[in-house]
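Student: I am new to this structure, and I would like to learn how to read it. Could you walk me through a few features?

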Amino acid sequence: MGFPRSFLRLRAIVTALSLIALFWWISQGSRDFYLEQSPPISDGIKGSQDLTSHTGFWRQFEPLLMRYGPNCPSPKRLTNARTVGYKVTDPELRPEVLEMSMDDVTQMKNAHSGFVSSIASNPPKLHYIPGTRGLVSTAGGAYLPVLVISLRMLRRTGSTLPMEVFLANRDEYEEYICDEVLPSLNAKCLVLSEILDSVPNTKEIKKYQFKPFAMIFSSFEEILFLDADAFPIAKPEQLFVTEPFRSKKMVTWPDFWASSTSPIYYEISSQEVPPMELRQSTESGEVMISKKTHLRTLLLCTYYNFWGPTHYYPLFSQGAAGEGDKETFTTAATAVGEPFYQVSEPICAIGHGTKGGLAGSAMVQFDPADDYTLTQKGEWRIRGSSAPSPRAFFVHANFPKFNPATVFTKQSVNPAFNDDGSYTRAWTIPDEVINAFGSDVEKHFWEEIMWTGCELEDKFQSWKGQLGICDDVKKYWNAMFAAE
């Protein structure tokens, strides 16, 4: 007995509608789905289409950097600017400790204006794979073990975002780490000199200038840059799909200090000098940016770093704490008028107590989505609001580096030891921040330090000839955590 003709007709209509819906979904796609499921990293830069594209960009961009160089003596620093904590009310006066002739200021102003005009009217084509998101870092040498630990902490969050790790040159490429360990963690090594050397006799770029170069030579459209010693304690994927990144496309985090940028910089960049209470200085261990929407910011930031050691770093910090790349991101975005959001929740030092006070060995940065929700409602905790704190999101274990080969060596800060030389946990205060982590982050961190120190004890070039790395970490682990 066959089906009634009306049923067959209905089934045909339903099938046709289903096929139409399927074809429409395939043709339209879902941008959020596609971006959240970022593809694995392709086969590196060397010998690939990426290398050709990046070197083509660099051959256009390097002449611009040189053409619009400062071409004047470096600013003369009369003394170091004081390192002053950020205050919303009754802020300190902006420091002025640099000396430049009016002719030199005019020369730098003309060069800056020429560069900004050039990248606005005819910027070189920046290469990236549309619709991709990923993490970018720089490492090499003694930073490579620290990077592996941070990357393993990242994977504990459940994140599957790929990572590109930029090394200065081929000498820093460690085959076992780069060919075996990092790929097992969906990360890979890339070598900056393979791009930079495509322009003969280019000006030397040193490691602390590399951050924006890693960003512009990354294959990702949307980037979360992390220093080698920084890691998230929640999945960073969510940061890309929520405010403020969703609308601003650039997010930065604060440092402890007030701005110490010289008024001379604002003259050079044709800007009004901002009030000191506008925002904290920037801590660049974590930076989010879209290469698609913030092309001019990245290019100007790279310009500031290219000419940083001689000219722009002194202008941005005047010798105060942390002079280097950290102020180049927000100043570049402001100079070209591209939006960004700097988290308002103050950075928090964590450590353990000593006779001298806090032995701080890490810094905590907070969730921009939580912070943005508060500030959109006019709740600025830094300005006195009693709203609950945003959740902790990143730990930047910056001083000393938690390298298994050196962390137990006596230093100005000794995270594993009390004053009397006995073992201690590194991070016990402030209580309210540590307790709000939601898990024992420090214990997990030491697990990864122990794994790296034991499983890779004979693998890192910087550890050659060193004995007892694994034993030292195990001894500490057994004393502090084994019984828990």
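Tutor: Welcome! This is a predicted model, where local features need pLDDT of at least 70, side-chain atom pairs count only at pLDDT 80 or more, and totals for chains, interfaces and linings use all residues. Residues are numbered from 1 along each chain as its sequence is written, and side-chain values use heavy atoms, with hydrogens and water left out.

Student: What volume does the largest pocket have?

Tutor: A pocket is an open set of points on a 1 Å grid over the protein atoms alone, where a 1.4 Å probe fits, with protein on both sides within 12 Å along at least five of seven lines; lining residues have an atom within 4 Å of a point. Points are joined across faces, edges and corners, and the volume is the space filled by probe spheres set on them. Here the largest pocket has about 760 Å³. It is lined by 30 residues, and Tyr143, Lys211, Asp227, Asp325 and Lys401 are the closest to its centre.

Student: Which strand gives the largest share of the lining?

Tutor: Helices (H or I, at least four residues) and strands (E, at least two) are DSSP runs, numbered from the N terminus. Strand 9 gives the largest share, three residues.

Student: Which peptide bonds are cis?

Tutor: Look at omega. Another runs from Ile429 to Pro430, with omega near 0°; Pro430 is in the loop between strand 13 (392-396) and helix 16 (431-435).

Student: Is Asn201 buried or exposed?

Tutor: Buried means under 20% relative accessible area, exposed over 50%, and partly exposed in between (1.4 Å probe, protein chains only). Asn201 is exposed because its relative accessibility is 82%. Its phi is near 60°, a positive value in a residue other than glycine.

Student: Where is Ser270, and what is its phi?

Tutor: Ser270 lies in the loop between helix 11 (263-268) and strand 9, and its phi is near 60°. Ser270 counts as exposed, at 55% relative accessibility.
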